[in-house]
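I wanted to see who sits beside whom.

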Amino acid sequence: MTKIYTIASGCLLTLLTFPITSSAQWVHTYGTETDKQVIHTAEIKDGVTLTFPDATADGSETLSITPSEGDVYTLAIENINRIATGGNIPTIRLTMDDPVIADKTTWHPGTFMMDGQGGYDDVAVVDVNVRGRGNSTFWYPKKPMRIKFESKLSIAGLKKAKNYILLANFVDETLMKNAFAFRIGQLIGLPFTHHMIPVNVEVNGESWGQYNLTEKRGINGASVDIDETTGILIELAQTESVDETYSFETGIEGLSAMVSDPDFDELYGDAESAEAGSGIQPTERLKAWESDFRRITDLLFSNDYPTNDIDDLIDTESLVKWVMIHAVTLNKEPSIPKSCFMYKRNMDNGEKYYFGPMWDFDNSMGYHALITESLAYNSPWFYGLSTPGTIFFARLLQSPSFKTKYLEEWHKFLTDIYPQMLDYFDEYAQLIAPSAWQNAQIWTQTRIDQSSVDNIQPTENLEKKVDEMKQWWIKRIEWMDSDPSKGLCGHSIMTFD
């Protein structure tokens, strides 16, 4: 259990000698000059004693932190605002000459270092470039960032890479929706599922709050590990929302596929030349991929469908797992679609399209930034056929092989993964609780209200919000198990009966 102690009128409000559980082995103290900053963190093994004699009794004005091992640390009480016990996470420290991230194109040179806080290896000071990233999330005041190093290095146990992402989780009152969903992805075995490492971020000595460190999505050894010279990573999107240089129409009205990776201009030269030496122009390669993908939509809307012939074009196992992750968390963005990625290793050799990697679960678990009221636990993943995404998935999920495989995976999920994820709520909340409180001192209700997001609160109410999310999720899984379509869609579209 995480405990917060407040200094008031020269004395602590709670008794300061207490045991620390095995999952809460850190004590954090926060300064009065700015309670956004941690001024001391101590690791505890078996217990901790905090001693603050009453100033009226002996004139003492210090707080002593005595860990089970190591030296006593003494702090002047006038410099302390709060004390918290709980988990601990790494701290990333960035320095930049210009820390104002006003757009998604300007690189800000600086330095990077990380204090692993005993949980991960420290990273010594190294040169880095930083820029803004994200779609709608970039326009919130807490900026998501991309960090780029001159050469590959490993951070927090992740695979060596030049590029990493810092997700801000600004609209997430629990700071764990992405981490929760991606943990399901790892347990369920969806290929190329990223990791979510909670970190504190400081820029030029100022705390910017808690972020998730994760791999940069794309064709690379740390994300979608395929050959960029033969493969492709696409993102399905509404045609009106296309924002990549290269995209093609899928054969479904309003549904396009954007080329997320590779960079066609880099591989084949720019759109007017073929300087890469392959003799292939980007537009030629794009047309080839369009013809290849349209085999899927042609089959989906043929008179012979539903048929298992779709298994020759799409990997059913990845589809099932990808859909299940979105359904159990009620992430409706694929219905639009948004953040809907597919990859293929090779256009030839009988290769299939795979779903993944999964991405962006800010709007999930009963919450959506554009909807004032929470989404009910018994809401289907999609309902009706009003958007390009729902039209696509409504046909795709009709496949007999999908239904068979989905039921198999559903029973595995209930038996093996669901119990683990119930524990994960409490374990992750325990880990990030002191950091979440610190995050709330920066991103206050006033700053949230100024961002035009109407239905979120600061992250200082973490325990309450995580418990609400957990109870919502329990109800959702119970409802999905009883629903004829397993919570996927309206019963007029598809059932498992």
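Predicted model: local features only at pLDDT ≥ 70, side-chain atom pairs only at ≥ 80, totals over all residues.

I started with a cluster: ring pairs link Phe180, Trp410, Phe413, Tyr418, Tyr424, Phe425, Tyr428 and Trp473. Two rings pair here if their centres (six-membered ring for Trp) lie within 6.5 Å; planes under 30 degrees apart count as stacked, over 60 as edge-to-face, the rest as tilted.

Residues are numbered from 1 along each chain as its sequence is written, and side-chain values use heavy atoms, leaving out hydrogens and water.

How many aromatic pairs does the structure hold? I found 30.

Next I looked up Phe170 and Trp443: the centres are 6.0 Å apart and the planes at 90°, so I wrote down edge-to-face. Phe170 lies in the loop between β14 (161-167) and α2 (177-188), and Trp443 in the loop between α7 (400-442) and α8 (445-449), 273 residues apart. Helices (H or I, at least four residues) and strands (E, at least two) are DSSP runs, numbered from the N terminus.

Buried or exposed? Phe170 is buried, with a relative accessible area of 9%, and Trp443 is buried too, with 8%. Buried means under 20% relative accessible area (1.4 Å probe, protein chains only).

Then I went back to two cluster members. Tyr418 and Trp473 make a tilted pair, 5.3 Å centre to centre with 45° between the planes. Tyr418 is in helix α7 and Trp473 in helix α9 (residues 462-482), 55 residues apart. Both are buried.

Conventions:
Buried < 20%, exposed > 50% of the residue type's maximum accessible area, 1.4 Å probe, protein only.
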